[in-house]
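Subject: Structure for you to look at

Hello,

Here is the structure I said I would pass on. Please open it first, then read the notes below.

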Amino acid sequence: MCAVSSDLTVTLLASIPSPDRGVWYLGSVPIRAYALCIILGIVVAIWWAERRFVARGGRPGTVVDIAVIAVPFGLIGGRLYHVLTDWSKYFGEGANPVDALKIWQGGLGIWGAIALGGVGAWIGCRRRGVPLPFLADAAAPGIVVGQAIGRLGNWFNQELYGTATSLPWGLEIYERINPDTGARDSLTGVAIDNTPIAIVHPTFLYELLWNLGVAALVVWADRRFRLGHGRAFALYVAGYTAGRFWIELLRVDPATEVFGTRINVITSVVVFAGAVTYMLLAPRGRETLPPQAAAEPEVAAAGAAGAGAEAGAEAGDRADAQRTEAERAGAEHADSGRAGAEQAGAEQPVVERTAVEQTEVERADVERANAGEEGRVASPASPAAETEPQPRPEPQPDTAAQPETAVQSQTAAQPETESQAQAEPDSNGEPARPAQAESGTEEGSPAGRSAKGS
């Protein structure tokens, strides 16, 4: 037990108290908080594993049937690991070997529970035709949450704590006395007062919070990457052992050591390496259940509706992915539209300059036509100029005409002028009206240009 720190009075203002006892009596029947926490953790693990199993197409009730075999195996395996790694407590000098069977007094090793519990699960899976990795993936987050609940039992038993600390979340440790024997006993005793004898790191709380984080990680990764073939379970094992490594280094309770290091530290390293290796080598994607283990279509639909959190989450993930693709496509179309608008805006000045040039060409065309008319009027050889002078047409620029229209008008104007300058007089003896003025008028008018341009 750690000594009380000098600043105990100040730390008490913000520290976490421990329960004054871990056992209550209903008549002569002891009700142990540690056992209740273990049972509650098992129930939650089975319940969640059942929901995930059904959401993946499994037959309802399969997980419960397998748990009937796996849970007893797990409890035995957890106790065996604890006894083997702390054998001096039960087989050392002055110890009572019968105490090794008193599982209600605490002492379960998660490593042995998972190992031997896995053997029981394998037996149950063979009987029901379920692949063991498929079941393990469904049970992974529930198992680690069950471990977190079980750590509350260590709080009631005042065990699994670390070194002394002055942090605000330090854990108060009380001295407990067995009322029947008067001996100091933290498991079955009662605190004689509320004055702590030590304030230490609550390593049980660190592990509890870490386990909840691992459960959230497994659920997220399973939905995001659709883990299968035991990879979700391997992720749980890797995540848990990573946290157990540093938490174990803070603990000060007696433990078996190997090469001067707590045995659970070494176990964490070895198991972590194995879990990561399995994740890298296991097949990708999710495996399918064989027909004898899969639920009927109607039952599967009802089970998926009952396990809406799992099935709905996976459907939501697929919908999110589709929305993301649609949004990405929409953004690409919007970018293309903006680029086209910018390109059109950049080309607009070119269109305006073309219209101006076209107007200049038409004005020059009209001026040349007028100059030709004045020359014919001033010439004495031109009878048409003496008898019927034509008014000078005003220039009428048309910005809508195309450059080709103006060019065609100019090209067509010259032959008409020459031919009509040599025209014979009509039947009345009057010379024919010069065609140049008419053609100039027609060409200067929008109707004439349009007719020739078409």
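Notes on the structure

Ile-38 sits in helix α2, residues 33-55 (helices are DSSP runs of H or I of at least four residues, strands are runs of E of at least two, both numbered from the N terminus). The model is predicted, so local features need pLDDT of at least 70 and side-chain atom pairs count only at pLDDT 80 or more, while totals for chains, interfaces and linings use all residues. Residues are numbered from 1 along each chain as its sequence is written, and side-chain values use heavy atoms, with hydrogens and water left out.

Leaving aside residues up to four places away in sequence, Ile-38 touches Leu-75, Leu-108 and Gly-150 (contact means heavy atoms within 4.5 Å). Its C-alpha atom is 7.1 Å from that of Ile-149, although 111 residues separate Ile-38 and Ile-149 along the chain.

How many disulfides does the structure hold? The number is zero, where a disulfide is a pair of cysteine sulfur atoms within 2.5 Å. Cys-37 counts as buried because its relative accessibility is 10%, and Cys-125 does so at 2% (buried is under 20% relative accessible area, exposed over 50%, partly exposed in between, with a 1.4 Å probe and protein chains only).

Leu-26, in strand β1, counts as exposed because its relative accessibility is 62%.

Regards
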